[in-house]
Amino acid sequence: MTISFALLGAGRIGKVHAQAIASNHDARLAAISDPVAQAANDLGQRYGAPVRSISDIAADKSIDAVVICTPTDTHADLIELFARAGKAIFCEKPVDLSVARVRACLKTVEDTGARLMVGFNRRFDPHFQAVRQAIDEGRIGTVEMVQIVSRDPGPPPPAYIASSGGIFRDMTIHDFDMARFLLGEEIETVYAAASVLVDPEIGRLGDHDSASVVLTTASGRQCSISNSRRASYGYDQRIEVHGSLGAVSAQNQRPVSVELATADGYRLPPLHDFFMTRYTQAYAAEIAAFIATIRDGRDPSPSGADGLAALLLAEAALKSVQEGRAVRVAEVGGDA
């Protein structure tokens with residue numbers, strides 16, 4: 001069974017997903033849509049896929065699934081459109097920046113019986129999956145504490161910051177999902193501190209570029225998250241899970257794994273320079289997992305509910321910064 005895909009959005013992340021679809025023998029890239037004609041045409045020519053309108057794609061019964069890589073403020077509307085059109089839907093995070101809008105969108109998904117998967121790609125990284133496997137096998141006993149370090153090489157452009165929804169909804173949301181993935185219990189309280197240490201323009205736009213978050217579950221399990229929009233040494237992505245019998249960690253990855261030892265000491269190559277190279281395997285694996293859910297009729301994971309849970313944690317973190325206190329997730333719209 002070959003799944004016929006339409007790609008909505010031919011920008012940076014759209015190109016990553018186009019490659020993942022084209023390289024999967026169970027998938028076919030059948031259409032591309034983007035309001036920027038040049039971007040759509042260039043990507044379409046590269047993969048032999050015609051450029052089509054969103055309405056044409058929705059009406060075409062030969063297209064099985066869509067991958068939504070458009071701006072965030074279009075996600076919920078597109079999910080609802082393609083849910084009603086009977087397509088399987090993969091959507092980049094977040095579903096929307098509004099909790100109420102996400103809930104309304106997920107109600108449409110439920111009412112139509114549509115299959116929706118949200119793009120938290122880090123769950124599919126082989127290194128992070130190995131950490132989860134060690135937890136599932138009981139090799140470190142009961143999970144007690146998780147540490148997540150996630151730092152970008154540099155801040156995005158001001159125009160992106162202005163429409164991103166802020167560091168917690170845009171950047172830390174991946175770490176919130178990873179915390180849920182690793183803790184094994186739902187998070188009850190959030191305490192966050194945030195500053196502007198990298199670029200004053202980010203502060204003028206009402207956002208932060210440096211953040212620390214502590215998450216606590218009902219049983220007392222903890223997760224600490226460290227975020228920065230600047231890491232001069234590369235794309236810093238590390239996790240550690242401490243348990244009753246030991247600990248398991250995933251360290252930073254490099255494009256080349258070579259260590260040079262001389263009388264002057266040990267030298268390693270630089271880290272990956274951003275997510276498009278660091279998480280190449282993860283993007284391919286998540287598309288493969290999405291295809292498998294369509295083929296086998298299984299519920300996708302991460303689901304729309306997972307997307308909502310991560311957004312609630314982002315809302316709680318923002319409220320914590322604004323009010324200088326720990327915030328219960330239930331305060332911002334329900335239990336995550």
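**Sheet and aromatic cluster in a predicted model**

Strand S7 (residues 187–195) and strand S8 (residues 210–217) pair in the antiparallel sense over 8 bridges, pairing being assigned if DSSP finds at least two bridges between two strands. Ile-187 stands opposite Thr-217 in S8. Helices (H or I, at least four residues) and strands (E, at least two) are DSSP runs, numbered from the N terminus. The model is predicted, with local features needing pLDDT of at least 70 and side-chain atom pairs counting only at pLDDT 80 or more, while totals for chains, interfaces and linings use all residues. Residues are numbered from 1 along each chain as its sequence is written, and side-chain values use heavy atoms, without hydrogens and water.

An open sheet of 7 strands has the order S11-S10-S6-S9-S8-S7-S14, with mixed pairing. Strand S11 (246–250) and strand S14 (327–328) stand at the edges with a single partner strand each, so one side of each has no neighbour in the sheet. S10 and S11 run antiparallel, joined by 5 bridges, and a hairpin connects S10 to S11 through 2 residues. Gly-243 has Gly-246 in S11 as its bridge partner.

Aromatic rings of Phe, Tyr and Trp (its six-membered ring) pair if their centres lie within 6.5 Å; planes under 30 degrees apart count as stacked, over 60 as edge-to-face and the rest as tilted. By this rule there are 7 aromatic pairs. The ring centres of Tyr-235 and Phe-274 are 5.5 Å apart and the planes are at 75 degrees, so this pair is edge-to-face. One aromatic cluster is formed by Phe-128, Tyr-235, Phe-274, Phe-275, Tyr-279 and Tyr-283.
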